[in-house]
Amino acid sequence: MSYLFPTYARLDIEVEKAEGAYLYDTNGKKYLDFVSGIAVCNLGHCPKTVSQSIQKQLEKVWHVSNLFQIPLQEKVAKKLVEHSVGDAVFFANSGAEANEAAIKLARKHTGKHKIITFLQSFHGRTYATLSATGQKKVQEGFGPLAPTFEYLPYNDVEAVKSLKGNDIAAIMVEVVQGEGGVVPGDPTFLKAIEEKCKELDALFIVDEVQTGIGRTGKAFAYEHYKISPDIITLAKGLGSGFPVGAMIGKKHLISSFSPGSHASTFGGNPLAMAAADATLDEIFNESFLTSVSEKGKWLKQQLIEQLQDEPLVKDIRGKGLMIGIELNTDVQNVLTSLRENGLLALPAGPKVIRLLPPLTVTKQEMEKAVHLLASNIHLHSLTFSPS
Ligand SMILES: *Cc1c(COP(=O)(O)O)cnc(C)c1O
């Protein structure tokens with residue numbers, strides 16, 4: 001009997017401790033973790049510098065209201081601004097909250113209400129963000145949704161170009177769709193969104209909740225493209241596992257928020273800021289980001305070499321250490337046998353295996369993962385007959 005609402009299909013694994021790229025369950029079994037708390041534990045589990053930073057703050061002050069000065073917020077915001085095209089930051093506690101802030105700011109700033117998003121997107125579970133999410137299964141049973149969100153097909157340049165209307169406040173997009181199947185945006189598609197936003201006097205919002213904080217080998221994934229978004233939203237990797245979210249906005253937006261416009265009791269809490277501060281010190285570092293890029297390239301290349309001839313494998317794609325292996329079949333059986341063999345990976349939709357190793361993963365750990373993926377997918381390929 002459980003005292004919890006059954007909102008998650010939980011695996012039967014009880015984690016006892018975690019270190020680096022490994023999880024240890026209460027039966028003493030060791031797992032190589034290519035889930036990383038869903039792109040949260042980017043520095044691996046329990047990274048020393050973040051742990052020390054939080055511990056130091058624990059001895060000083062845990063929480064003060066945002067009605068007081070919080071110098072650590074300024075410090076973390078400065079790092080985010082200096083490494084992005086943005087100029088000011090609002091701190092929240094989660095990805096959905098960061099997106100809520102972005103949606104509110106877009107409406108307040110433009111005086112318009114409609115937000116354009118994309119099919120198979122994922123932006124969160126609050127009312128505005130589940131309305132923004134272009135997936136029926138997330139919305140079912142919760143109507144009426146928040147007005148007015150409209151969805152276009154992802155990577156469809158023509159759909160973006162033919163967009164019209166003087167009521168559009170913003171276009172919001174994931175640079176690489178995460179939950180929707182690890183689908184990188186095409187450069188022409190993202191550029192078309194930027195141009196359409198200029199034409200319609202709408203804001204260009206990139207949801208980098210999953211792709212940000214080094215995951216793709218850049219501080220933010222939009223840097224892979226020649227685009228300059230008005231708003232960037234963040235969460236997952238920002239606190240290395242300590243809950244924290246952020247919205248970064250450009251200078252021309254700053255005066256659209258004033259005292260009372262938006263707030264969060266816990267947003268930018270000193271403990272969360274201590275976690276984010278130490279996390280960014282490690283990740284916003286050229287040599288660290290280059291290593292992520294190189295590891296990502298190597299991992300993808302190895303997967304292509306070892307898997308491309310398997311009849312079960314349809315596509316291998318991704319950016320940096322965010323990689324999807326699309327199969328011709330449901331991934332659950334493969335994920336189960338991987339788990340039994342000691343490798344944890346995620347699904348992204350029914351047919352994609354999503355790999356999100358910690359950014360600190362070693363070559364040896366990647367070799368082990370490739371070997372397990374190749375042998376398990378091969379085993380399932382033997383019993384697979386294309387229909
Ligand atoms: C996880 C995710 C969210 C939601 O973040 P929460 O912290 O769960 O609210 C929003 N957008 C994207 C792209 C995500 O991957």
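In what order do the strands of the open sheet of 4 strands lie? I looked that up before anything else. The order is 13-14-17-16, and the pairing is antiparallel. Strands here are DSSP runs (E, at least two residues), helices are runs of H or I with at least four, and both are numbered from the N terminus. Two strands pair if DSSP finds at least two bridges between them.

**Ground rules.** I noted that this is a predicted model in which local features need pLDDT of at least 70 and side-chain atom pairs count only at pLDDT 80 or more, while totals for chains, interfaces and linings use all residues. Residues are numbered from 1 along each chain as its sequence is written, and side-chain values use heavy atoms, with hydrogens and water left out.

**Sheet of 4, continued.** Back to the order 13-14-17-16. Strand 13 (313-319) and strand 16 (346-347) are the edges; each has a single partner strand, so one side of each lacks a neighbour in the sheet. Strand 16 runs antiparallel to strand 17 (residues 352-355), joined by 2 bridges. Helix 10 (residues 286-307) touches strand 13, strand 14 (322-327) and strand 17. Contact means heavy atoms within 4.5 Å. The direction of helix 10 makes about 175° with that of strand 13. Axes are lines fitted to C-alpha atoms, for helices over the stretch in contact, and angles run from 0 to 180 degrees between N-to-C directions. Helix 12 (residues 363-382) lies across strand 13, strand 14 and strand 17, at about 10° to strand 14.

Strand 11 (residues 231-234) and strand 12 (residues 245-249) pair antiparallel over 4 bridges. Within that pairing, Ile232 has Ile248 in strand 12 as its bridge partner.

**Ligand site.** Which residues are around the ligand? I listed Ser94, Gly95, Ala96, Asn99, Phe122, His123, Gly124, Glu174, Asp207, Val209, Gln210 and Lys236. A residue is near a molecule if one of its heavy atoms lies within 4 Å of it. The shell divides into 3 nonpolar, 6 polar and 3 charged residues. For these classes, Ala, Val, Leu, Ile, Met, Phe, Trp, Tyr, Cys and Pro count as nonpolar, Asp, Glu, Lys and Arg as charged, and the others, Gly among them, as polar. Helix 4 (residues 95-110) gives the most to the shell, with 3 residues.

A backbone N or O atom of Gly95 lies 2.8 Å from a ligand oxygen. A backbone N or O atom of Phe122 lies 3.2 Å from a ligand nitrogen. A side-chain N or O atom of Asp207 is 2.8 Å from a nitrogen atom of the ligand. Taken alone, the ligand exposes 380 Å², and the protein buries 81% of that. Areas come from the Shrake-Rupley method with a 1.4 Å probe.

The peptide bond from Gly143 to Pro144 is cis, with omega near -5°. Another cis bond runs from Pro147 to Thr148, with omega near -15°. Pro144 sits in the loop between helix 6 (136-139) and strand 6, and Thr148 is found in the loop between helix 6 and strand 6. Asn155 is not a glycine, yet has a positive phi of about 65°. Asn155 lies in the loop between strand 6 and helix 7 (157-161).

Technical notes:
Polar contact = N/O pair within 3.5 Å; in protein donor to acceptor, adjacent residues only side chain to side chain.
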